Amino acid sequence: MDKLSVFLAVPSAGTLKVLTKDQLVKVAEHYEFELEIPKVIKKDKLLRLVREHLAGREICSFDPVQIGRASCR
């Protein structure tokens, strides 16, 4: 099972953090986030966008102080 499949099956902050940019885009597509992702974007910025949308949908809630910590359903 690849890391993307693992994240989609059991969302976790640790798994999200190690996904590639392409995999983060697939997470956004899977959850049908309404975002326009520029062709040129740094992974950190993309990760931040995906985390915001996951939190907004209550899929994961991230501790703003400790970036690696999250609570996912």
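Of the 73 residues of the protein chain, 30% count as buried. The model is predicted. Its secondary structure comes to 4 helices and 2 strands, and along the sequence these follow the pattern α-α-α-α-β-β.

**Chain overview**

- The accessible surface of the protein chain is about 5,100 Å², and carbon and sulfur atoms account for 51% of that surface.
- When contacts in the protein chain between residues at least 6 apart in sequence are considered, 35% of them join residues at least 24 apart.

**Nonpolar core**

- The largest nonpolar core has 18 residues.
- Those with the most contacts inside this core are F7, L16, L24, V27, Y31, V50 and L54.
- Two or more residues of this core come from each of α1, α2, α3, α4 and β1.
- The element that gives the most to this core is α4, with 4 residues.
- Leaving aside residues up to four places away in sequence, V27 touches L4, F7, L19 and V50.

**Helix α4**

- Helix α4 covers residues 43-56, which is 14 residues.
- From its first C-alpha to its last, α4 reaches 20 Å, close to the 20 Å expected at 1.5 Å a residue.
- The buried residues of α4 are L46, L47, V50, R51 and L54.
- Just after α4, E58 takes a positive phi of about 60 degrees.

**Aromatic pair**

- A search of the whole structure finds 1 aromatic pair.
- This pair is formed by Y31 and F33, whose ring centres are 5.9 Å apart.
- The ring planes of Y31 and F33 meet at 15 degrees, and planes under 30 degrees apart count as stacked, so the pair is stacked.
- Y31 has a relative accessible area of 11% and is therefore buried, the cut-off being under 20%.
- F33 is also buried, with a relative accessible area of 9%.

Terms used. Residues are numbered from 1 along each chain as its sequence is written. This is a predicted model: local features need pLDDT of at least 70, side-chain atom pairs count only at pLDDT 80 or more; totals for chains, interfaces and linings use all residues. Side-chain values use heavy atoms; hydrogens and water are left out. The expected span of a helix is 1.5 Å times one less than its number of residues. Buried means under 20% relative accessible area, exposed over 50%, partly exposed in between (1.4 Å probe, protein chains only). Rings of Phe, Tyr and Trp (its six-membered ring) pair if their centres lie within 6.5 Å; planes under 30 degrees apart count as stacked, over 60 as edge-to-face and the rest as tilted. Contact means heavy atoms within 4.5 Å. Accessible areas come from the Shrake-Rupley method with a 1.4 Å probe; for residues, only the protein chains shown count as cover. A nonpolar core is a set of buried Ala, Val, Leu, Ile, Met, Phe, Trp, Tyr and Cys residues joined through side-chain atoms within 4.5 Å.
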